[in-house]
Amino acid sequence: MSQARTPAVVLQASPLGEADLMVVLLTPDLGKIRTAAKNARNSKRRFAGGLPAGALGEATVSRRREGAMWRLDAFRSVAEVSGLGRDLTRFAYVNYLCELTDVLVVEPEPEARRFAALAEAVGETLRSTPRPAVMRRFELRLLDSLGLLPALDHCCVCGEPTSASEIAFSSGRGGTLCVVHGAGSPRVPAQTLALAIALQRDDDPESAWDAASAASPAVRRALRDLVQSVVRPQLRRPLRSLEFLAALTPRGAVNRTPGDAP
Amino acid sequence: MPADPLQRLSALLGRLPGIGDKTALRLALAIVKSDPEYVRALSEALGTVHNTLQLCTQCCDLTPEPVCERCSDAKRDGSVICVVAQPQDRMAIERSGVFRGLYHVLHGVLDPLGGIGPSDLKIEPLLRRLEASGETQVEELIVATSPNVEGDATALYLSKLIGPLGVKVSRIASGVAVGGELEYADVTTLHRALEDRRRL
Ligand SMILES: [Zn+2]
Ligand SMILES: [Zn+2]
């Protein structure tokens, strides 16, 4: 029997039997794990505040032997997540972060930077006004942790540094392209690429978020489309959280910045 | 499906929510040992429940008639509608005997990761009901979904949708359990109880 206490984000929870939950967690050291939370739908003590997607905190997990299914013995939230249902935009954004992670991360392979990226994005979205820039940074860092980050400042064919006011970009070929190799490919404003580079760096998320949020709607849309063009081919299925966001938008139930929400 | 009748029954029972393999087999064995009269009544009840129950054209609750007994009861207060997620929630409130208005059953709550969006809930019938009643009749909607993230989001969505129609939308209170002791309440519950405090 091994037991571990670990930082964790709840990616998804679904009913299991009469009173249990099946809870998918992302952790820094155990990677993505599926756990069974016994009596989670009754126990107010071990799982105070519930286990909604986006719950960020410390999980106590145990298992009988290597390879057996994990049991979630307790979960203690460090961020205020129970108020998530009181802001529909935040609710939709946090669900998007969790679902994107759940769909793209298949292996249980541990990745501390991936966990840090998710914890940062969820924490920030729970704490302050939900911002598309926070989604963009997370998407880029998640892609990076999966080895899928496209080239952003050099030609992905010849390695030549790219510099122009508009630069050719092809997600299928691996990112930015020089004048020679990018002939015929659609072009992206250099400012969009500069924002993407700043966003995916580890240091100083605040200024990168602020810069991306302050950019013109056209640049932000281009950034969203660029990232989505890399993300979309990797998805095994359409994201339900995006369908949900789309369903809420026409009624004016969520504040959606035109064009650059996920 | 297994050919053996006992295993077949057990497999069918095991498909019900909250019933694992062991419980299914125990129930199947109990049915085998029961007296024939009970078994006949049980199988008849299973058939009837499926053939005769439908959604009330007004409140979407399950009912053997086109309009349920609550919606057709002229003594109930038509100015207040209590919105619940599931028929069993309506039953729990009804058992308490404290509410004399009408109900509306959504048959679920918003759940983005479960693929449940607004169009999967009985929200359109609720809107039609409010529009049909005119401004005079329904004055208040009490949203009685569970006090968790999905229940809160559903309540908030309804208030955004229905508030502009001039109907007051309120939410059932949540917080420290009655009869419980404050020092044993968890942080989230205390947080909610303080946030939702009311003036005395
Ligand atoms: Zn090149
Ligand atoms: Zn009815």
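Biologist: How many residues does the contact take from chain A and how many from chain B?

Modeller: In this predicted model, the contact takes 27 residues from chain A and 22 residues from chain B. Two helices of chain A, α1 (88-104) and α7 (240-248), each supply at least two residues of the side that touches chain B, and α7(A) gives the most to that side, with six residues.

Biologist: What makes up the side of chain A that touches chain B, when its residues are sorted by class?

Modeller: That side has eleven nonpolar, eight polar and eight charged residues, where Asp, Glu, Lys and Arg count as charged.

Biologist: How do you know what span to expect for α1(A), and what does the helix reach?

Modeller: The expected span is 1.5 Å times one less than the number of residues; α1(A) has 17 residues, and the distance from its first C-alpha to its last is 24 Å, which is close to the 24 Å expected.

Biologist: Why is α1(A) called mostly covered?

Modeller: A residue is buried if 20 or more other C-beta atoms lie within 10 Å of its own, and 14 of the 17 residues of α1(A) are buried, so the helix is called mostly covered.

Biologist: Into which domains is chain A divided, and what separates their centres?

Modeller: Chain A is divided into domain 1 (1-82) and domain 2 (87-262), and the centres of these two domains, taken over C-alpha atoms, are separated by 28 Å.

Biologist: How many residues of domain 1 of chain A are in contact with domain 2 of chain A, and which elements supply them?

Modeller: Contact requires C-beta atoms within 7 Å, and 19 residues of domain 1 of chain A are in contact with 18 residues of domain 2 of chain A. On the domain 1 side, the elements that give two or more residues are β1 (2-16), β2 (20-27) and β3 (31-37) of chain A, with the largest share, four residues, coming from β1(A). By class, this side of domain 1 has twelve nonpolar, four polar and three charged residues.

Biologist: What makes β4 and β6 of chain B edge strands?

Modeller: In chain B, four strands form an open sheet with parallel pairing, in the order β4-β3-β5-β6, and β4 (101-105) and β6 (168-171) are its edge strands, each pairing on one side only. Neighbouring strands of this sheet are turned by 25° against each other on average, with direction ignored.

Biologist: How do you know that strand β3 of chain B and β4(B) pair?

Modeller: Two strands pair if at least two bridges are found between them; β3 (residues 77-84) and β4 of chain B have five bridges, in the parallel sense, so they count as paired. C82(B) stands opposite Y103(B) in β4(B), and helix α4 (residues 87-96) of chain B lies across both β3 and β4 of that chain, running at about 130° to β3(B).

Biologist: What is the phi of D204(A) and of C60(B), and where is the place of each?

Modeller: D204(A), although not a glycine, has a positive phi of about 50°, and its place is in the loop between α4 (190-200) and α5 (205-214) of chain A. C60(B), likewise a residue other than glycine, has a positive phi near 65°, and its place is in the loop between β1 (54-55) and β2 (62-63) of chain B.

Terms used
Residues are numbered from 1 along each chain as its sequence is written. Chains are lettered from A and ligands numbered from 1 in the order in which they are written. This is a predicted model: local features need pLDDT of at least 70, side-chain atom pairs count only at pLDDT 80 or more; totals for chains, interfaces and linings use all residues. Two residues are in contact if their C-beta atoms, placed from the backbone, lie within 7 Å. A residue is buried if 20 or more other C-beta atoms lie within 10 Å of its own, exposed if 12 or fewer, and partly exposed in between; C-beta atoms are placed from the backbone. Domain bounds come from an automatic or database domain assignment. Axes are lines fitted to C-alpha atoms, for helices over the stretch in contact, and angles run from 0 to 180 degrees between N-to-C directions.
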